[in-house]
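User: I would like to go through this structure term by term. For each label, please set the value against its cut-off.

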Amino acid sequence: MKKRIVLTGGPGGGKTTAIDLLRREFSKQIVVVPESATMLFSGGIERGDSAHLIKSHQQAIFSLQKHLEHIQRTMHPDRLMLCDRGSLDGLAYWPGEQDEFFQCLNTSLEIELNQYDAVILF
């Protein structure tokens, strides 16, 4: 199986710009997984500031991320996968303890890190 690489970092760090440049140069060799949070919030879901709502948002983003990665891997099994953020990015926004994040999402740090061959921080 080809590699799966996450580009992550703070807002405005250049992740999407870098992915767009790579897509133009290597369009036949890579497949891109767009940022799940952007898809969710630009699709009409409103942000909120209560802990319960933020947790619900992060659960939806996590699930969407996992499904998008699966779809892209299934459709393009021989391409390098670039992810505009990864499944662990939601941990930075989680309004609770790290253990609660993993318990709520039925996963672990080790499981999520093992999904990726590299994580590049911008």
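User: What makes the pair Lys-55 and Glu-100 a salt bridge?

Analyst: The side chains of Lys-55 and Glu-100 come to 2.7 Å, N to O. A salt bridge is a side-chain nitrogen of Lys or Arg within 4 Å of a carboxyl oxygen of Asp or Glu, so the pair at 2.7 Å qualifies. Lys-55 sits in helix 3 and Glu-100 in helix 4, 45 residues apart, and the pair links distant parts of the chain. Helices here are DSSP runs of H or I with at least four residues, strands are runs of E with at least two, and both are numbered from the N terminus. The model is predicted: local features need pLDDT of at least 70, side-chain atom pairs count only at pLDDT 80 or more, and totals for chains, interfaces and linings use all residues. Residues are numbered from 1 along each chain as its sequence is written, and side-chain values use heavy atoms, with hydrogens and water left out.

User: Why is Glu-100 called partly exposed?

Analyst: Its relative accessibility is 29%. Buried means under 20% relative accessible area, exposed means over 50%, and partly exposed is in between (1.4 Å probe, protein chains only). Glu-100 at 29% therefore counts as partly exposed.

User: How many salt bridges are counted in the model, and what does the pair Glu-112 and Lys-66 tie together?

Analyst: The count is 6. The side chains of Glu-112 and Lys-66 meet in a salt bridge at 2.8 Å, N to O. Glu-112 lies in helix 5 (residues 109-114) and Lys-66 in helix 3, so this pair ties together parts that are 46 residues apart in sequence. Glu-112 is buried at 2%, while Lys-66 is partly exposed at 25%.

User: What makes the approach of Arg-85 to Glu-35 a polar contact?

Analyst: Their side chains lie 2.8 Å apart. A polar contact is a pair of N or O atoms within 3.5 Å; within protein, one must be able to donate a hydrogen and the other to accept it, and residues adjacent in sequence count only if both atoms are side-chain atoms. The pair at 2.8 Å is therefore inside the limit. The Arg-85 side chain also reaches the backbone oxygen of Gly-9 at 2.8 Å.

User: Is Gln-65 buried or exposed, and which side chains does it join in polar contacts?

Analyst: Gln-65, in helix 3 (residues 51-75), has 3% relative accessibility and so counts as buried. Its side chain makes a polar contact of 2.9 Å with that of Ser-36 and another of 2.6 Å with that of Glu-69. Leaving aside neighbours within four places in sequence, the residues in contact with Gln-65 include Val-33, Cys-83, Arg-85 and Tyr-116, where contact means heavy atoms within 4.5 Å.
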